[in-house]
Amino acid sequence: MFRLRTLRRALCAAAAALLLPLAGVHSAHAATTPGAGYWHTSGRQILDAAGQPVRIAGINWFGFETANYVVHGLWSRDYKSMIDQMRSLGYNTIRLPYSDDIFKSTTVPNSIDFSNGKNADLQGLNSLQVMDRIVAYAGQDGLKVILDRHRPDAGGQSALWYTSSVPESTWITDLKALAARYAADPTVVGIDLHNEPHDPACWGCGDTTIDWRLAAQRAGNAVLSVNPALLIFVEGVQTYNGVSGWWGGNLMGAGQYPVQLSVAGRVVYSAHDYATSVAQQSWFSDPTFPANMPGIWDKYWGYLFKQNIAPVWVGEFGTTLASTVDQKWLAALVSYLRPTATYGADSFQWTFWSWNPDSGDTGGILKDDWVTVDTVKDGYLASVKAPLFPGGGGGSGGGGGTTAGCAASYAVSSDWGSGFNAAVTVTNTGTTPLGSWTVTWTWSGTQQVTNMWNASYTQSGGKVTAVNAAHNGTVPVGGSASFGFGGAPGGGAVPSVACTAG
């Protein structure tokens with residue numbers, strides 16, 4: 001996916017005030033929190049190192065694949081601030097697109113703001129070193145990362161996994177380099193081998209120059225030769241047996257011609273699906289729409305999950321939500337992906353496109369100021385969000401108890417002088433589940449909360465009282481929940497926080 005889809009659109013056509021965002025469940029039992037270590041597959045599920053099922057419920061954060069050679073938005077905010085905000089909204093995985101240009105010694109990331117201490121630890125780093133910092137902080141925050149080889153170079157998307165200037169050998173060499181780079185860090189759970197193969201790419205035709213399935217096997221085995229614990233994410237093609245769909249979204253051939261790798265339990269199939277803000281498709285004008293959509297999804301990729309063949313990850317889906325058709329499409333797709341409250345991790349995996357507001361035909365979870373959350377768009381995803389994964393953390397303060405008790409930790413993720421962002425994590429330190437919680441602190445300066453997500457608040461002078469939202473008040477023993485907020489001005493000392501259990 002790229003923010004300007006002029007070529008793709010042609011091809012595919014032929015074939016309020018900031019409100020409290022809705023979010024998924026953030027809490028999980030500390031001792032049994034799924035997601036630890038490297039992952040593997042069993043039937044249609046992804047399992048962690050302990051054999052517990054996990055659900056990827058994440059977001060795409062693009063930019064490394066563009067001529068900025070780094071995730072977008074760093075011209076506006078600190079990268080840690082954005083990762084903290086992703087976490088507070090309930091996204092547990094980041095898909096990071098990149099191009100092979102970031103491996104060149106001449107590539108220098110640009111458009112990063114270092115003023116007022118923002119992104120201070122990124123100064124002087126190359127693109128891969130910046131990626132290291134993002135991966136490290138995401139892991140600390142309890143998010144996993146999937147690396148996405150989005151395109152051969154920053155110039156644009158390619159139909160095949162290679163071009164005249166970036167041969168298959170370079171593609172595989174760079175994939176292996178990433179596998180080696182993060183071999184000791186299970187924050188990176190896998191690699192999406194190539195984004196959106198499309199015509200003339202085929203699936204199962206046997207021509208090694210265009211058969212994407214065979215290429216995925218070659219690349220996947222190369223990655224596994226370096227780190228056999230990684231998941232290999234394989235997208236579809238555009239056309240199979242004369243039936244066309246979205247670029248990368250057609251996995252009709254995977255049932256008959258599966259991707260077979262040297263290590264069992266490593267293949268996750270990935271589909272992309274979009275709405276009319278990206279391109280028209282015949283199914284949008286079907287008189288039965290949107291009731292026809294589950295059958296469409298079953299045909300192109302859903303059957304792999306429903307027949308227990310393999311996990312299916314919808315690596316990209318998005319829309320501006322500008323039209324009624326698109327609103328109905330997103331509601332139908334979210335329902336099809338299976339609500340976490342009903343199905344848990346026995347569900348489709350997903351990463352929404354995109355975090356970035358500068359995706360021209362979908363927009364993002366963030367609005368154009370790179371801070372404000374599009375709460376309507378985020379709200380559509382509430383039912384399919386899933387628990388965060390184990391991560392690092394800071395200290396805690398506040399009360400405890402022998403029955404119902406909680407502690408809270410307060411961390412400033414970015415401070416640019418005129419304002420700042422912070423995240424608060426609430427941990428159940430008692431012996432019974434929490435039904436609700438309240439966090440309080442008092443600033444010694446003139447700070448004021450400017451917006452807050454995943455909690456409601458009141459402020460009187462310097463004292464702030466934050467109360468859980470409806471979706472994250474229940475916290476099991478040893479589990480945690482979180483919320484985030486923006487404030488102004490910056491430069492204040494971190495206050496002591498107290499947590500009261502309900």
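Strand 2 (residues 45–47) pairs with strand 3 in the antiparallel sense, over two bridges. Two strands count as paired if DSSP finds at least two bridges between them. Strands (E, at least two residues) and helices (H or I, at least four) are DSSP runs, numbered from the N terminus. Within the pair, Ile-46 has Val-54 of strand 3 as its bridge partner. The open sheet here has three strands in the order 1-2-3, with antiparallel pairing. Strand 1 (40–42) and strand 3 (53–54) form its edges, and each pairs on one side only.

The model is predicted: local features need pLDDT of at least 70, side-chain atom pairs count only at pLDDT 80 or more, and totals for chains, interfaces and linings use all residues. Residues are numbered from 1 along each chain as its sequence is written, and side-chain values use heavy atoms, with hydrogens and water left out.

Pro-390 sits in the loop between helix 9 (375–380) and strand 14 (406–415). Its relative accessibility is 40%, so Pro-390 counts as partly exposed. The classes are buried (under 20% relative accessible area), exposed (over 50%) and partly exposed (in between), with a 1.4 Å probe and protein chains only. Pro-390 and Gly-37 are 353 residues apart in sequence, yet their C-alpha atoms are 9.2 Å apart in space. Contact means heavy atoms within 4.5 Å. Neighbours within four places in sequence aside, Pro-390 is in contact with residues including Thr-33, Pro-34, Gly-139 and Gly-142.

Helix 5 (residues 212–226) has 15 residues, which at 1.5 Å a residue should span 21 Å; the end C-alpha atoms are 21 Å apart, in agreement. The expected span is 1.5 Å times one less than the number of residues. The helix is mostly covered, with 11 of its 15 residues buried. Among them are Trp-212, Arg-213, Leu-214 and Val-223. These buried residues of helix 5 pack against helix 4 (168–181), strand 7 (188–192) and strand 8 (231–235). At the start of helix 5, a side-chain oxygen of Asp-211 comes to within 3.0 Å of the backbone nitrogen of Arg-213.

The largest nonpolar core has 107 residues, of which Trp-61 and Trp-301 touch the most other members. Helix 6 (residues 293–306) gives the most to this core, with eight residues. A nonpolar core is a set of buried Ala, Val, Leu, Ile, Met, Phe, Trp, Tyr and Cys residues joined through side-chain atoms within 4.5 Å. Beyond its neighbours within four places in sequence, Trp-301 is in contact with residues including Leu-251, Val-312, Tyr-336 and Phe-348. Another core lies apart, of 23 residues, among them Phe-420, Trp-441, Val-449 and Phe-485.

Strand 20 (residues 480–488) has seven of its nine residues buried, so it is largely enclosed by the rest of the structure. Strand 15 (residues 420–428) pairs with strand 20 in the antiparallel sense over eight bridges. Here Val-424 has Phe-483 as its bridge partner. Strand 17 (residues 448–453) also pairs with strand 20 in the antiparallel sense, over five bridges. Asn-451 stands opposite Gly-486 in strand 20.

A four-stranded open sheet has the order 18-19-16-21, with antiparallel pairing. Strand 18 (455–460) and strand 21 (497–501) are at the edges, each with a single partner strand, so one side of each has no neighbour in the sheet. Strand 16 (residues 437–442) pairs with strand 21 in the antiparallel sense over five bridges. Val-439 has Cys-499 of strand 21 as its bridge partner.

Definitions and conventions:
Polar contact = N/O pair within 3.5 Å; in protein donor to acceptor, adjacent residues only side chain to side chain.
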